[in-house]
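Here is a briefing on contacts and charge pairs. Keep the structure open while reading.

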Amino acid sequence: MDLSRVQKELKDCNKDREISGIGIEANGGDLTHLSGTITGPVGTPYEGGTFLIDVRLTGGYPFEPPKMQFRTKVWHPNISSQNGAICLDILKDQWSPALTLKTALLSIQALLSAPEPDDPQDAVVAHQYLRDHATFVATARYWTEAFAKRVTVGIEEKVQKLVEMGFPENSVRKALEIVNGDENMALEKLCSG
Amino acid sequence: MEEFDYLSSGEEEEDCESLDGIESDDQRWTSTSLSSTQVITEESLLAAQVEDLHRVMDLLTVREQHARTLLIYHRWDIDRLIAAFVEKGREWLFSEAGVTMVESRNSASSWSSSPIMCEICIEEVPPNSVTTMDCGHCFCNDCWTEHFIVKINDGQSKRVRCMAHKCNAICDEDIVRKLVSEKNPSIADRFKRFLLESYIEDNKKVKWCPSVPHCGNAIRVDGDAYCEVECTCGKQFCFSCSLEAHSPCSCPMWDLWVKKCQDESESVNWMTANTKPCPKCNKPVEKNGGCNLVSCICGQPFCWLCGGATGRDHTWSSIAGHSCGRYNAADKAKRAETDLYRYMHYYNRFKGHMDSLTLETKLKASIQEKVSIVESKNFGNKDYSWVINGLYRLFRSRRVLSYSYPFAFYMFGEDLFGDDMTEKIREMKKNLFEDQQQQLESHVEKLSSLLEEKFDEFTEEKIRDLRMHVINFSVSVDGLCLKMYECIENDLLGPLQHAIHNIAPYNSKGIEKASELPIFQDTSANLKSTKITGANNALPRASTTNEKRATDSSQPSSSGLLRESSSMDENICSTRKRSRKDGRGDTLIDLNLPTWVVDKNGF
Ligand SMILES: [Zn+2]
Ligand SMILES: [Zn+2]
Ligand SMILES: [Zn+2]
Ligand SMILES: [Zn+2]
Ligand SMILES: [Zn+2]
Ligand SMILES: [Zn+2]
Ligand SMILES: [Zn+2]
């Protein structure tokens with residue numbers, strides 16, 4: 001794998017994180033397993049949510065596509081409501097080495113704005129999207145509220161718990177922020193460095 | 001009769017030309033080298049491909065790799081490619097297949113001597129280590145190489161696309177080969193191999209020989225795909241379905257037949273048709289004729305039709321106190337039973353002729369022995385080709401006869417054409433066909449018995465007699481086979497609604513042997529002699545088929561036999577009767593040789 005390219009990509013991507021709403025962090029020193037975050041696009045049921053995406057790179061990256069999967073539960077026709085698998089052509093046969101992790105995450109963000117229910121990953125959601133759009137919007141919004149806005153919910157308890165385990169509070173807060181409040185992932189991150 | 005005439009003249013020269021009296025017309029005899037099927041070996045694969053490539057290169061004035069990209073996209077179907085070109089134009093044809101041509105190909109990298117930024121690895125690289133593809137996209141060589149290797153390992157050699165996002169262009173195969181072989185020669189070889197084999201795998205005119213273990217050859221058929229061919233390895237097969245040669249059975253019929261024969265369900269049906277569990281003790285009870293009241297060995301009587309326990313009092317049409325209403329009705333079991341008997345009828349005959357064929361194949365050695373005994377007797381007529389030719393005629397017609405049974409099973413059964421004919425017409429056609437079949441059958445049996453005669457003990461007079469009979473029966477058997485094929489094509493399959501049932505045409509000379517495609521080394525020789533040499537080279541090869549030629553080491557080397565065996569070779573390497581190409585010459589050269597080879601040899 002082209003490590004120097006991945007490092008450059010990480011640096012480049014996080015430079016304008018505030019504007020793009022896209023971020024990528026390495027889980028510790030492991031450059032094959034990354035965590036991406038995207039903010040829900042304005043004017044969609046995903047607005048206000050922060051979605052965590054698990055990114056795994058094979059040895060062939062960037063000549064093979066990165067494997068991406070939602071860690072945050074999301075209600076969307078092209079994303080599995082069960083396991084977060086994403087149905088997106090550029091993550092499959094349309095991948096090109098000229099694309100980057102950032103462009104891939106941006107494409108996922110665009111997918112949140114413009115679902116393609118004709119090529120669904122989740123048939124149930126797609127069916128609802130087409131037949132009962134109002135319910136679809138309500139459900140998607142509810143899921144965003146319930147799962148994508150957990151960052152501050154009970155965050156202090158988690159900080160407390162991790163600090164008690166012996167990690168400095170600064171690192172704990174930073175780790176929790178990166179992993180979107182996921183306690184286990186934060187712990188994993190703190191342990192690996 | 002014509003045969004009788006020359007027979008009575010007693011001249012040797014005529015004998016060796018007319019052989020068994022079947023192949024008497026010279027036209028067909030010489031056309032043996034005009035094979036429309038060719039063997040493509042590992043060595044000739046390149047030549048076969050080059051020929052098509054050059055046609056497209058000449059037609060569209062493109063470089064070889066673009067011709068290949070176009071041909072792969074159009075599955076090596078030049079006609080389809082030309083049609084697309086005529087219909088939609090050059091530009092559309094190219095962009096659809098991923099061929100892009102930028103006029104100033106070297107400009108991107110040559111105008112600058114300063115480092116170039118590769119957008120894949122995000123590194124600055126010197127201008128001499130980047131490559132610009134035809135589409136104009138430029139990346140560093142390391143990245144290209146890596147990309148190619150990933151695609152080749154992924155099995156996408158035939159269409160390696162450019163690395164740029166949304167660029168549909170297919171990468172220049174020369175660049176792929178060059179860059180990959182610098183890093184990993186074995187992967188470069190695989191790439192080359194994939195491109196070569198695309199000619200076989202993506203080409204509907206070419207099929208791998210189905211031999212197991214695989215002989216490494218493929219067969220190209222320039223005419224009708226419904227034909228039967230023999231590879232130089234000896235494997236005979238139906239080109240259309242790659243199963244064994246099965247005419248006059250159609251491919252779908254043969255497929256069904258093979259499955260039916262493997263299927264144990266027939267015997268399961270038999271069991272259900274012939275036994276029923278006793279309602280009291282559950283033991284299977286067999287019904288052997290008689291009325292529908294059966295008794296188990298436990299003593300329980302029951303109704304065969306519904307399986308219910310009954311009393312003993314009954315008549316032919318009713319059981320006292322039992323009224324299932326089915327006692328007299330036509331029932332399913334009965335039907336399964338009839339179906340099974342029907343199948344057995346056809347299967348037994350199919351199998352019977354196959355078995356005879358196996359036995360007759362064994363006859364060959366003993367017949368050759370007899371021939372050498374008679375030859376030593378110094379009779380006036382020393383030509384015994386009629387014996388061997390008669391034997392081959394027997395093999396071929398035995399085959400036809402055997403496969404005509406599965407054909408008839410489906411043709412006149414309910415499975416395939418239940419709705420295509422009225423009962424009356426079906427019956428009529430069936431009688432017509434069975435008439436022909438029986439006639440062929442009796443002639444084949446007669447020919448078989450003639451060939452089993454102990455002619456090595458015969459007088460010259462008696463041998464002459466036998467010879468006449470063998471020749472006559474050979475001729476009539478050949479004619480009957482042809483008639484049967486014509487009847488099947490024109491009267492039986494022809495009028496059907498669904499045209500999926502096609503059969504390979506009758507080939508009087510047996511299954512066509514594919515000729516070897518000339519390869520580069522041969523091209524210094526005269527084209528015609530190359531072809532003939534090719535045919536002779538194929539002669540001594542081991543063959544697993546029934547139509548093996550007389551090449552055993554026990555074969556006496558008398559001049560008579562030698563002449564025979566070479567004639568036999570011609571005899572078997574035959575074109576079909578319904579030749580799809582007539583005349584020799586230009587078409588042959590065009591079809592079998594790459595253009596530059598033809599040019600080089602001044603054709
Ligand atoms: Zn590069
Ligand atoms: Zn390109
Ligand atoms: Zn073969
Ligand atoms: Zn077939
Ligand atoms: Zn019983
Ligand atoms: Zn009775
Ligand atoms: Zn009954």
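Contact means heavy atoms within 4.5 Å. By that rule, 14 residues of chain A meet 13 residues of chain B. This is a predicted model: local features need pLDDT of at least 70, side-chain atom pairs count only at pLDDT 80 or more, and totals for chains, interfaces and linings use all residues. Residues are numbered from 1 along each chain as its sequence is written, chains are lettered from A and ligands numbered from 1 in the order written, and side-chain values use heavy atoms, without hydrogens and water.

**Interface of chains A and B**
- About 1,200 Å² is buried between the two chains, with 60% from carbon and sulfur atoms (buried area: accessible area, 1.4 Å probe, that two parts lose on being put together, summed over both).
- A:Lys8, A:Phe63 and A:Ala98 supply 43% of the area that chain A buries against chain B, more than any other three residues.
- One salt bridge crosses this interface (a side-chain nitrogen of Lys or Arg within 4 Å of a carboxyl oxygen of Asp or Glu).
- It joins A:Lys8 to B:Glu123, at 3.1 Å from N to O.

**Salt bridges within chain B**
- The whole structure holds 29 salt bridges over all chains.
- B:Glu230 pairs with B:Lys513, their closest N and O atoms being 3.1 Å apart.
- That pair ties together parts 283 residues apart in sequence, because B:Glu230 lies in strand β8 and B:Lys513 in strand β14 (strands are DSSP runs of E, at least two residues, numbered from the N terminus).
- B:Glu230 is buried at 2% relative accessibility (buried: under 20% relative accessible area, 1.4 Å probe, protein chains only).
- B:Lys513 is buried at 5%.

Terms used:
Helices (H or I, at least four residues) and strands (E, at least two) are DSSP runs, numbered from the N terminus. Buried means under 20% relative accessible area, exposed over 50%, partly exposed in between (1.4 Å probe, protein chains only).
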